[in-house]
Amino acid sequence: MVDIGILLQILFWGIYAGCIYILLATGLNLIFGVMKIVNFAHGEFLMIGAYITATVFFLTGINPYLIILISMLALVAIGAVVERLCFRPILGTGKLNEIFLSIGLIYIFQNATAMIWGDEWQSIKSPYEGITIPIGSLNVPLDYIIIMVVTAVILCALYLFLKKTKTGREMRATSQNRKGAKLVGINVERMDVLSFGIGCALAAAAGTLWVVSGQVFNPYMGSIPAIKAFAIIILGGLGSIPGAIVGGLIYGIAENGAAYYLGGVWKDAISFVILIVVLVLKPTGLFGESGE
Amino acid sequence: MIRYGTIAVVAVAVVMPFVSGNLYLLNLLSLMLIFIIFASAWNLLACSGQGSLGHAAFFGIGAYASTLIATKSGISPYITIFVGAAVAAFIGVLIGLTCVRLKEWFLAMVTFGFAIIIQTLTVSILAPVTGGWDGIASPRLISPAIPGYQLIEYYSILVIAIASIIAIWYIMKSRIGLAFSAIRENELEAHSAGIDPVRYRLLAFAMSAYLAGVAGALEIHHIGYVTPEIYGVDLSFWPVTYVIFGGLGTLAGPIVGTIALTIIWDGLKMAGLTFARYVIVGVLLILVIIFLPKGLVDLPNRLQQWWKSRKKTEPVPLPVPE
């Protein structure tokens, strides 16, 4: 009855879409873990990463996949500035404040981008467009494979950083117990800036991959993926990296499945339906982590 | 002082159309009044600790419901507005039910999600009734055939706005308002003091959604056409921005914030800025959040404190020992 071919195709679409969400969600998790704040404007960093990638590509023609390094670095810088100027002053003044601050950031980023680049939809083409690799009965575009590999590489790098380096361990300590970390001499403010920067870099990577996969983008495209990333970390548990990975994959697949069976218009709404159902059943999220 | 301020503002609002017969200004004022209702409605919900990011849902439901009822039954929009708002209130309670156990971020996301879901429903399953993405025409408040209809419309909107503010003022003063503050500050303690958080959270949703629905219906009957864009993120964020700017949790906050930002917004538009307007508003918003967290209404206080602290830094001369 149900065509296995279609299911496999949805699966592949889902996994490659999931990669972008995973990167976004992991960034959010990192920031939340260390700073205990939620940045609704996170999607704007994805959008900026996308624009940086496209612009560098137009100007130089370098392989977009390599531009990922540029966009990540640029966003570490931007992220650090945002943290210092905007989030640090309001740290501890209440969660509603963080939400409102994010709204201000969204206004600024979206429209500053529109001022510079205009607000029409744009897209670029990957140099590997059209090349497909036969896997089983499917022809999987090479881009999908590369995206999955790049995501895996980034996640592994992050894992190694957190587990094996001194700074990484300091970051984990700060996220586990901020006061304790201060007591043993860790500079928690530095951890804040660092985690925010890395979180933004991950968003930038997601932005590059978004653009490379040929998807259209405009200054306003960041909000929806961001909200989905939030939904994912709520599902997977705030602060849990494996949860974000599993959640991201499920979301990617569910989204494309819904788009296929219910119609494209439900693609965004389905994420919220899932989120709402989960939250009603379990108000602290599926793998409900710390108190929130 | 507040009494005089209020009377002054109302007097200005009443007299304004005669001072300047400018139709553009009249339209601007009408919309401003509508958004004052909308912002105040959002503020009411926020008083109970529930910061919704999807209030456009109630705005839009009020608008669509009122439009549909008015077109199907021929009843005057002045009546259907209040019926449509009741529909919004009903949906508000349903949404509130899902949010009852949620904390701030989750509630914000869920409400945001509902606005999107309702928009999606409007353009897919409900399209035969709602006209899908194209939207439907809405009966005007006052028929343009009547001379001076804009003026009549303006004053009726003004009356409804004043009535809404009085209603909110009354609610905030009453035990219900106290209950809202209690559950906002500390739900657990409120509960042990005998206040049922669920009941008051839902009540807050119902009231807030009702007023937002009134505002939405008013706007659409004023404009004459409704489309699913009314459920957009833009419309959900504006009331939040207005209230933060003016002062969260106060009665005057939403009013001051809406007036201030509307003036700034329109002023910037006249200066020819399109995207830059948003950037400026965003920057102002962040500045207010960081430096003036209680909003513009707190400005007189802050200035007073700052002035007093300046005076204190004068060095006190030590008495010379004899």
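**Close-up views of a predicted two-chain model**

**View 1. Contact of helices α8 and α10 in chain B.** Residues B:I176, B:A179, B:F180 and B:I183 of α8(B) are in contact with B:P197, B:Y200, B:R201, B:L203 and B:A204 of α10(B). By class, this contact of α8(B) with α10(B) consists of eight nonpolar residues, no polar residues and one charged residue. The model shown here and in the other views is predicted. Helix α8(B) covers residues 175–185 and helix α10(B) covers residues 197–223; their axes are 10 Å apart, at an angle of about 110 degrees. The two helices, α8(B) and α10(B), are therefore roughly perpendicular to each other, since angles of 65 to 115 degrees are placed in that class. The crossing in which α8(B) passes α10(B) is left-handed.

View 2. B:A215 is a residue of α10(B). It has 33 other C-beta atoms within 10 Å and is therefore buried, the threshold being 20 or more. Not counting residues up to four places away in sequence, B:A215 touches B:I34, B:I37, B:F38, B:A41 and B:F59. B:F35 is 180 residues away from B:A215 along the chain, yet the C-alpha atoms of the two are separated by 6.9 Å.

View 3. Helix α13(B) runs over residues 275–291. The buried residues of α13(B) are B:Y278, B:V279, B:V281, B:G282, B:L285, B:I286, B:V288 and B:I289. An α-helix has 3.6 residues a turn, so residues three or four places apart point the same way. The buried residues of α13(B) pack against elements of both chains: α3 and α4 of chain A, and α11 (233–246) and α12 (252–270) of chain B.

**View 4. The side of chain A that touches chain B.** Chain A gives 38 residues to the contact and chain B gives 35 residues. On the side of chain A that touches chain B, two or more residues come from each of α3 (64–90), α4 (95–117), α9 (223–236) and α11 (266–281) of chain A. Helix α4(A) provides the largest share of this side, 15 residues. Sorted by class, the side of chain A that touches chain B holds 29 nonpolar, six polar and three charged residues.

**View 5. Crossing of helices α10 and α11 in chain A.** The axes of α10(A), residues 241–262, and α11(A) come within 8 Å and cross at roughly 130 degrees. This angle makes α10(A) oblique to α11(A). The crossing of α10(A) and α11(A) is right-handed. From α10(A), the residues A:Y251, A:A254, A:E255, A:A258, A:A259 and A:L262 meet A:W266, A:K267, A:I270, A:S271 and A:I274 of α11(A). The contact of α10(A) with α11(A) has eight nonpolar, one polar and two charged residues.

**View 6. Backbone at A:K36.** A:K36 is located in the loop between α1 (4–35) and α2 (42–60) of chain A. Its phi is near 60 degrees, a positive value in a residue other than glycine. A:K36 has 18 C-beta neighbours inside 10 Å and therefore counts as partly exposed.

How values were computed. Residues numbered from 1 in each chain as written. Chains lettered and ligands numbered in written order. Predicted model: local features only at pLDDT ≥ 70, side-chain atom pairs only at ≥ 80, totals over all residues. Axes fitted to C-alpha atoms, helices over the stretch in contact; angles between N-to-C directions. Helix = DSSP H or I, 4+ residues; strand = E, 2+ residues; numbered from the N terminus. Parallel < 35°, antiparallel > 145°, perpendicular 65-115°, else oblique. Left-handed = near helix turned anticlockwise from the far one by under 90°. Contact = placed C-beta atoms within 7 Å. Nonpolar A, V, L, I, M, F, W, Y, C, P; charged D, E, K, R; others polar. Buried ≥ 20, exposed ≤ 12 C-beta atoms within 10 Å, placed from the backbone. Expected span 1.5 Å × (residues − 1).
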